[in-house]
Each structure stands twice: as structure tokens, then as C-alpha cells.
Amino acid sequence: VAVEGNIGSGKTSLLKHFETCEQAKVYKEPTDRWRNIQGHNALALMYEDPERWSLTFQTYVQLTMLQTHLAKQEQAVKLMERSIHSAKYCFVENLHKGGVMPELEYIVLTRWFDHIIQNEDCSPDLIVYLQTNPEVLHERIRKRCRKEESGIPMDYLQDLHNLHEDWLIHQTHFSVPCPVLVLDANLELQDMLNVCDQHREKILCGHG
Ligand SMILES: Cc1cc2cn([C@H]3C[C@H](O)[C@@H](CO)O3)c(=O)nc2[nH]1
């Protein structure tokens, strides 16, 4: 099961809510790995100079997501924060559409992505989409104050929101690998977790 959503939509908080559930193994986004690649902070570099570093960063994100998709586990349910799909369809797409990632880099990353998807089983059984309004996120990110994210502009959040909506709601642009359960993540966290618990069986059985 992949938990998808924009920056600040509440994915990490929702996954924490499931950490007590012994039938699920939770995989948070490996931001610590992205921040320290043999001493290099790829996440910071990507925000500081995306033209220079977005291919490097997104290539490593794609690897860490693949490793999570393929990780063996005892528990019946694998709960992932984001996926190799959103990495490509939301983040890489945004960098390419915004003219930040050069065409050739986008093509090479796409060839890697297509090869991986065709040869490895990375399809979730269910996507839980935490749907938000970008305005709500801007305030949350400001309050959360992750240092690399301090300069995220509103239109970056709006662009990412539109790409999540195109992919998961309008389903116009890229293939959706499984059913999508949409949760209103504009709600205060506790209210969203209460709604989430009403869908707990669906989420843990991976049914849409
Ligand atoms: C799959 C995927 C996650 C992801 C996160 N990020 C950024 C957005 C957030 O600021 C931070 C943690 O999610 O990393 C990114 O640029 N590209 C990504 N691709």
C-alpha cells in the first residue's frame, strides 16, 4: 500500500499511526539516506541547485524506492511512504515540465524507470491519496520547518498538487497501477486519523 500526497500532506503522521499495527511493516521515506550519501546531502543540493543536482537526486530516490518495493518482510502488509510511481509521475515530471531537468536527463531517467517497471514487481495493491489544498500545505511546511524545505514557494506546491490530481484523480496523464482511496488531508491530523480508522480494514487488506 503506497501513501501518496504532496509535501506536508500528513503522510509521515499517518504512517506513524500504523506503526503499532503488527500486521503491517511501515517504510517511511528514506530522507535520512537522501541527506547523507557518503557525507553528501543530495536533498539540500537538489533544493539549492536543481538544474545541477535533480538528476542525481531523483536517480537515487528511484533506487531507494525500488529497494523498498522489493524489500522482503514477514508482515502481510507493506505500507510505503510514496512510491517509485510518484517519484516519476509527480516529482520528475514537475522538474521536466518546469524546464529544470534537461530533456536528455529526463529521457535517460525515463528509460531506467520503464525498464524497472517492466522487470520488477513495483505495483501497489492500493494507493491512499492524502488530498490537500496547497495553501494548507504552505502553512504546515512553515510550521514543520525542515531546513531544506524553508524556501519552497507556493507555486512549487501548486504544480505538485496538479500533478498528483492529474495522476490519481483525473487519471489523464500516467497509468494508475491500482485502486486509489482518497482521504481529505486538509482536516486536522486527529480528524484525518479518525477517518483513516474508518477505512482501516480496507487499507490493511489493500482493497480500494
Ligand atoms: C518519491 C519521491 C519523494 C520525493 C521527495 N522530494 C522532496 C520533497 C520533500 O521536500 C522532501 C521529502 O519528501 O523531498 C523530491 O524532491 N522528490 C521525491 N521523489
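This briefing describes selected features of one protein structure, grouped by topic. The structure is a predicted model, in which local features need pLDDT of at least 70 and side-chain atom pairs count only at pLDDT 80 or more, while totals for chains, interfaces and linings use all residues. Residues are numbered from 1 along each chain as its sequence is written, and side-chain values use heavy atoms, with hydrogens and water left out. Helices (H or I, at least four residues) and strands (E, at least two) are DSSP runs, numbered from the N terminus.

**The largest pocket**

- The largest pocket has a volume of about 680 Å³.
- Of the 39 residues that line the largest pocket, Ile 7, Gly 8, Ser 9, Lys 11 and Arg 144 are the closest to its centre.
- A pocket is defined on a 1 Å grid over the protein atoms alone, as an open set of points where a 1.4 Å probe fits, with protein on both sides within 12 Å along at least five of seven lines; lining residues have an atom within 4 Å of a point.
- Grid points are joined across faces, edges and corners, and the volume is the space filled by probe spheres set on the points.
- Helix α7 (134–144) gives the largest share of the lining of the largest pocket, five residues.
- By class, this lining has 19 nonpolar, nine polar and eleven charged residues. Ala, Val, Leu, Ile, Met, Phe, Trp, Tyr, Cys and Pro count as nonpolar, Asp, Glu, Lys and Arg as charged, and the others, Gly among them, as polar.

**The ligand**

- Of the 17 residues around the ligand, Glu 29, Tyr 47, Gln 58, Arg 82 and Glu 149 come nearest; a residue is counted here if one of its heavy atoms lies within 4 Å of the ligand.
- An oxygen atom of the ligand is 2.5 Å from an N or O atom in the side chain of Tyr 47.
- For the side chain of Arg 82, an N or O atom is 3.1 Å from an oxygen atom of the ligand.
- In the side chain of Gln 58, an N or O atom is 3.1 Å from a nitrogen atom of the ligand.

- Asn 6 is found in the loop between β1 (2–5) and α1 (11–18), and it counts as buried because its relative accessibility is 3%. Buried means under 20% relative accessible area, exposed over 50%, and partly exposed in between (1.4 Å probe, protein chains only).
- The side chain of Asn 6 reaches the backbone oxygen of Leu 157 at 2.9 Å.
- Not counting residues up to four places away in sequence, Asn 6 touches several residues, including Arg 82, Leu 157 and His 161; contact means heavy atoms within 4.5 Å.
- Among the buried residues of α8 are Leu 157, Leu 160, His 161 and His 164.
- The elements that cover the buried residues of α8 include β1, α3, α5, β4 (127–131), α7 and β5 (180–184).

**Loop residues**

- Most residues other than glycine have a negative phi.
- Gln 38, in the loop between α2 and α3, has a positive phi of about 50° although it is not a glycine. Gln 38 is exposed because its relative accessible area is 79%.
- Gln 171 follows α8 and lies in the loop between α8 and β5. Gln 171 also has a positive phi of about 50°, and it counts as partly exposed because its relative accessibility is 44%.
- Asp 121, in the loop between α6 (103–119) and β4, counts as exposed because its relative accessibility is 59%.
- Asp 121 and Leu 70 are 51 residues apart in sequence and 7.5 Å apart in space, C-alpha to C-alpha.

Terms used:
A polar contact is a pair of N or O atoms within 3.5 Å; within protein, one must be able to donate a hydrogen and the other to accept it, and residues adjacent in sequence count only if both atoms are side-chain atoms.
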